[in-house]
Amino acid sequence: MFMPRPEPSFSVVIPTFGRPRGLARLLNCLAPQIAGRLGREVIVVNDGSDESAYEAIINRHRGWVTYLASEENRGPSAARNSGAKMASGDFLVFIDDDCAPPLDWLDQLVRLLALDGEFDAIGGTTRPLESQHPRWFEKLLIEGGCHPNPVYYQDQLIVMVSACLAVRRTVFDSLGGFVEKVTPLAEDRNLTTR
């Protein structure tokens, strides 16, 4: 008799700094995928931004968002690690506050994991959000694919982007999380290599 694989639990970890409007948009996108769903949680880590708009945003989403405000800006790696420490899910799902995932983003992840429960990490692609009135250079960058995505070299994975990344929690913990002392943008490559 075929027994379906139990659905994994997800802890979505969002580092944020200086982009309350982006966080509001992201939480609005995530709400249908999280609120009232078992095994799914969101942890927002404010990395030292003192903007008062954050409180109003978090208050709109009370009940399904856990909020941690750091006193100082320590960088996205430290913020992600702080969120991971609070997480309870089988998978840590990292996304940035300037992203807006599709409405079935986590359901897509469930389907991938149902195909192969042995995945330890799944890296996604990102597409930039166009401004209201994009100019030619912005259009050129978008059309040219100049945005963070997984990078391969001769069939070898070089980088999975932490703006759209799911990592099995046990693996993340065994690696010690993100290295906090690397230069910004190098944390993705560092984690992928390890």
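What span should the 15 residues of helix α1 have at 1.5 Å a residue, and how far apart are its end C-alpha atoms? Helix α1 covers residues 20–34 and should span 21 Å, and its end C-alpha atoms are 20 Å apart, so the two values agree. The model is predicted.

**Helix α1**

- Helix α1 bends by about 25 degrees at Asn28.
- The buried residues of α1 include Leu23, Leu26, Leu27, Leu30 and Ile34. Also among them are Pro20, Gly22, Ala24, Cys29 and Gln33.
- Both strands and helices cover these buried residues: the cover includes β1 (10–16), β2 (40–46), β3 (65–69) and β4, along with α2 (53–60) and α4 (105–115).
- Gly36 follows α1 and has a positive phi, near 80 degrees.

**Aromatic rings**

- Across the whole structure, a search finds four aromatic pairs.
- In the pair of Phe94 and Phe178, the ring centres are 5.3 Å apart and the planes are at 80 degrees; planes over 60 degrees apart count as edge-to-face, so this pair is edge-to-face.
- Phe94 and Phe178 are both buried.
- Phe172 joins Phe94 and Phe178 in a cluster linked by ring pairs.
- Arg80 lies over the face of Phe178, at 5.3 Å from the ring centre.

Conventions
Residues are numbered from 1 along each chain as its sequence is written. This is a predicted model: local features need pLDDT of at least 70, side-chain atom pairs count only at pLDDT 80 or more; totals for chains, interfaces and linings use all residues. Side-chain values use heavy atoms; hydrogens and water are left out. Rings of Phe, Tyr and Trp (its six-membered ring) pair if their centres lie within 6.5 Å; planes under 30 degrees apart count as stacked, over 60 as edge-to-face and the rest as tilted. Buried means under 20% relative accessible area, exposed over 50%, partly exposed in between (1.4 Å probe, protein chains only). A charge sits over a ring if NZ of Lys or CZ of Arg is within 6 Å of the ring centre and within 35 degrees of the ring normal. Helices (H or I, at least four residues) and strands (E, at least two) are DSSP runs, numbered from the N terminus. The expected span of a helix is 1.5 Å times one less than its number of residues. The bend at a residue is the angle between axes fitted to the seven residues ending there and the seven starting there. Contact means heavy atoms within 4.5 Å.
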